Amino acid sequence: MKEAMSSGQKALFDQTIEHFKEIARQNRFAENAAVEHDRERCAVCHPGLVTLEPFLLYLEIVTQAVKERRPELDRELVEEINRDLDLRGLSFRVTLEELIAGEEEARACWAAWVRDALAAGLGLLSVHSPTSLDFDLDGGEASAWEEDIDSRVREIMAHQLRGCPSRKQER
Ligand SMILES: [Zn+2]
């Protein structure tokens, strides 16, 4: 366990998160390496700038980016989940209604989609700059952080469910 961040580090951490949230909002995460920013104060370029485990720092950034980019459980997200199932050669399909109802198998597919989105985000951060770190969600270092990864997946799903348009209409 590393020591708590100083206020200076916290400011730098927040600034880094905001930078990547903005990139996600503009749908430019794939080209994040090319986006102009203050590299001296970027915690992805220089993970040593904050006293947080680099893996958790990167995980926080991709979590916020996914929430920013995909804030709600809507038909479009359902289509993406089904497209992923198709790509994996599976014939199973989910519906928005099942996801809202919390149907177990459908929710597992949704969770897999979220996990893939986090993995893709980490992959994109690894090419952020020559000094950014290379992480993935399977094996290696990530196995020590399984609980953190699961909790982030649940956090994103809860966020998307709160933003779900059909669910809002029901109220
Ligand atoms: Zn950077």
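**Helix packing and a few loop residues**

Analyst: Let's start with α2 and α6, which pack at an angle of about 15° with their axes 10 Å apart. Axes here are lines fitted to C-alpha atoms, for helices over the stretch in contact, and angles run from 0 to 180 degrees between N-to-C directions. Helices are DSSP runs (H or I, at least four residues), numbered from the N terminus; strands are E runs of at least two. This is a predicted model, where local features need pLDDT of at least 70 and side-chain atom pairs count only at pLDDT 80 or more, while totals for chains, interfaces and linings use all residues. Residues are numbered from 1 along each chain as its sequence is written.

User: Why are α2 and α6 called roughly parallel?

Analyst: Angles under 35 degrees count as roughly parallel, over 145 as roughly antiparallel, 65 to 115 as roughly perpendicular and the rest as oblique. The α2/α6 angle is about 15°, so the pair is roughly parallel. The contact is made by Leu-56, Leu-59, Thr-63, Val-66 and Lys-67 of α2 with Asp-148, Ile-149, Arg-152, Glu-155, Ile-156 and His-159 of α6. Two residues are in contact if their C-beta atoms, placed from the backbone, lie within 7 Å. That set divides into five nonpolar, two polar and four charged residues. For the classes, Ala, Val, Leu, Ile, Met, Phe, Trp, Tyr, Cys and Pro count as nonpolar, Asp, Glu, Lys and Arg as charged, and the others, Gly among them, as polar.

User: What makes α2 and α5 oblique?

Analyst: Their angle is about 120°, with the axes 9 Å apart, and on the scale above that makes them oblique to each other. On the α2 side the contact uses Tyr-58, Ile-61, Val-62, Thr-63, Ala-65 and Val-66, and on the α5 side Val-114, Ala-117, Leu-118, Gly-121, Leu-122 and Leu-125. By class that's ten nonpolar, two polar and no charged residues.

User: And why is α3 described as roughly perpendicular to α5?

Analyst: Helix α3 (residues 75–87) packs on α5 at about 85°, axes 10 Å apart, and that value makes the two roughly perpendicular. Glu-80, Ile-81, Asp-84 and Leu-85 of α3 meet Cys-109, Trp-110, Trp-113 and Asp-116 of α5. This contact has five nonpolar, no polar and three charged residues.

User: Why is Leu-125 called buried?

Analyst: A residue is buried if 20 or more other C-beta atoms lie within 10 Å of its own, exposed if 12 or fewer, and partly exposed in between, with C-beta atoms placed from the backbone. Leu-125 has 24 such atoms, so it is buried. Leaving aside neighbours within four places in sequence, Leu-125 is in contact with Val-44, Tyr-58, Ile-61, Val-62 and Ser-132.

User: Is Val-44 buried or exposed?

Analyst: Val-44 has 24 other C-beta atoms within 10 Å, so it counts as buried, and it lies in the loop between α1 and α2. The C-alpha atoms of Val-44 and Ser-126 are 82 residues apart along the chain and separated by 8.9 Å.

User: What makes Cys-45 partly exposed?

Analyst: Cys-45 has 17 C-beta neighbours inside 10 Å, so it counts as partly exposed. Not counting residues up to four places away in sequence, Cys-45 touches Arg-39, His-128, Ser-129, Thr-131 and Ser-132.

User: And why does Asn-27 count as exposed?

Analyst: Asn-27 has 10 C-beta neighbours inside 10 Å, so it is exposed. Asn-27 lies in the loop between α1 and α2 and has a positive phi of about 55° although it is not a glycine.
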